[in-house]
Amino acid sequence: MVAAVVLSGILAPAAHADGPGGGVCDNSGLLVTVCASDSTTAPSAGGGSGSGSGGTAGTPAGTSSGGSAKPACTYVRLEPQPPAGNLAWEGKTAEDGALYQVECPATGRVGVTFIPTGGGAPAPRIDPEVLARRAVDSMRLDGPLVVSPRAAGRYVVGMPMWMWASRSPTTYGPVTASATAGGVTVTATARVSSIRWDMGDGTTVTCAGPGTPYDATQGKAPSPDCGHRYKAPSTAQKGGAYAGRATATWTVEWTAPALGDAGTLTETRATPFTVRVVEVQVLN
């Protein structure tokens, strides 16, 4: 899926075109491009934020959906340059380029970056983090596609529950997008790094992955990576079920090769779920 919108030279979030097959990234003069491994669309019951980062989850701080003036960074050459052994060189030398202090008022970023020789004059530039956020705005990032617990299922107090979510580009990633302005291109890739399960009984479980699907051969064994045990039935809860929420943390890694700059952003998306938990009475 590839889409872009250009408004008087100002970046705007791209529309999404769903279709069969894989997506292809092609800049071809477009300011925003988006691609994913396929165009799988999560069902509306998944509870995601909808198309783009500007959905119900809100627009990330530092972005502008209305096409405001270009936020800039300033790059000032460090004088004197740090010694050759300084970690900021990252294996490069003074023959390759120079180190600059970068300050981006729009996002509060301050740091040191390497600019290669011939990489351009250290003039005010587009803040690459703002471009990264605009690239993220053009992505479709949904909440977890919860497979278990199932709303139609019934679970037992004290028995191990296995939680897991299905993977798709829009619910787990990876999704890649690029944004270009002022001669700077930033490419961002988003992946789910963890899922926090609020179980509705006052406890939370954070899982590093989507969880392991249960099969009958596991019997009463606990999940190896994402499980929970309810200690009380849900009969006293509204609707007779625990109201839970699965929240995915999307980690976005972005790079701006022309500036020798890179960074990481995070986004969250949530999906509600319900769990009916019953108590088994044992007669002696």
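Thr247 lies in strand β16. Helices (H or I, at least four residues) and strands (E, at least two) are DSSP runs, numbered from the N terminus. This is a predicted model, in which local features need pLDDT of at least 70, side-chain atom pairs count only at pLDDT 80 or more, and totals for chains, interfaces and linings use all residues. Residues are numbered from 1 along each chain as its sequence is written, and side-chain values use heavy atoms, with hydrogens and water left out.

Is Thr247 buried or exposed? Thr247 counts as buried because its relative accessibility is 8%. Buried means under 20% relative accessible area, exposed over 50%, and partly exposed in between (1.4 Å probe, protein chains only). Contact means heavy atoms within 4.5 Å. Apart from its neighbours within four places in sequence, Thr247 is in contact with Pro144, Ser194, Ile195, Arg196, Asp198, Thr268, Arg269 and Ala270.

**Strand pairs**

Strand β16 runs antiparallel to β13 and antiparallel to β17. Two strands pair if DSSP finds at least two bridges between them. The table gives the bridges, with one facing pair for each.

| Strands | Bridges | Facing residues |
|---|---|---|
| β5 and β6 | Eight | Leu99 and Phe114 |
| β13 and β16 | 11 | Thr189 and Glu253 |
| β16 and β17 | 15 | Thr251 and Thr266 |

The hairpin of β16 and β17 has four residues between the strands, and Gly260 there takes a positive phi near 65°. The hairpin of β5 and β6 has four residues between the strands, and Gly108 takes a positive phi near 75°.

**Core**

The chain holds one helix and 17 strands. Of its 284 residues, 42% count as buried. A nonpolar core is a set of buried Ala, Val, Leu, Ile, Met, Phe, Trp, Tyr and Cys residues joined through side-chain atoms within 4.5 Å. Which residues touch the most other members of the largest nonpolar core? Among its 48 residues, they are Met139, Trp197, Met199 and Val275. Elements that each supply at least two residues of this core include α1 (128–137), β13 (184–198), β16 (242–256) and β17 (261–278). In soluble globular proteins, nonpolar side chains tend to be buried together.

Take the contacts between residues at least 6 apart in sequence: 65% join residues at least 24 apart.
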